[in-house]
Amino acid sequence: METTKLTQVYGLNPEELTQRIVTALELLFSHQNTSTKVEENKEEKLFTRNEASKYLKVSKTTLNNWSKLGILKKHKIGNMVRYKETELKNALITSSKEVKR
């Protein structure tokens, strides 16, 4: 014999209950999307200053200058400096556009 389960909610009409459920689900999904983006970013390759200068075929001084000019963003992890691969590629594109001018 199958039993039917019944849940009663006091103090809320059906529309209010529906709205609360929708809000809770939206919040849950927004947190999942955020954590997925964070996980995707964790997989991105980080370069040391030496690796970045070799990758871009520029000096470390140029890396520093590009960071100061906002062409390239450096990420400090403790006392270490790292550069993201995608940002290095963007810097190459930016510098090649400036050279063509």
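These legends describe close-up views of a predicted model. Local features need pLDDT of at least 70, and side-chain atom pairs count only at pLDDT 80 or more, while totals for chains, interfaces and linings use all residues. Residues are numbered from 1 along each chain as its sequence is written, and side-chain values use heavy atoms, with hydrogens and water left out.

**View 1. An open sheet of three strands runs in the order β1-β3-β2**. Pairing is antiparallel. Strands are DSSP runs of E with at least two residues; helices are runs of H or I with at least four; both are numbered from the N terminus. Two strands pair if DSSP finds at least two bridges between them. β1 (46-47) and β2 (75-77) are the edge strands, each pairing on one side only. β1 joins β3 over two bridges, in the antiparallel sense. F47 has Y83 as its bridge partner in β3.

**View 2. β2 and β3 form a hairpin with two residues between the strands**. β3 covers residues 80-84 and pairs with β2 over three antiparallel bridges. K76 bridges to V81 of β3. I77 bridges to M80, also of β3. In this hairpin, G78 takes a positive phi near 65°.

**View 3. E87 is buried without a salt bridge**. E87 is found in helix α4 (residues 85-100). Buried means under 20% relative accessible area, exposed over 50%, and partly exposed in between (1.4 Å probe, protein chains only). A salt bridge puts a side-chain nitrogen of Lys or Arg within 4 Å of a carboxyl oxygen of Asp or Glu. The nearest side chain of opposite charge to E87 is K84, 4.6 Å away. Lys and Arg count as positive, Asp and Glu as negative; His and the chain ends are not counted. The side chains of E87 and H75 are joined by a polar contact of 2.9 Å. Such a contact is a pair of N or O atoms within 3.5 Å; within protein, one must be able to donate a hydrogen and the other to accept it, and residues adjacent in sequence count only if both atoms are side-chain atoms.

**View 4. K57 has a positive phi in a loop**. The loop lies between α2 (49-56) and α3 (60-69). Phi of K57 is near 60°, and this residue is not glycine. K57 counts as exposed because its relative accessibility is 75%.

**View 5. L28 sits in helix α1 (residues 14-42)**. L28 counts as partly exposed because its relative accessibility is 44%.
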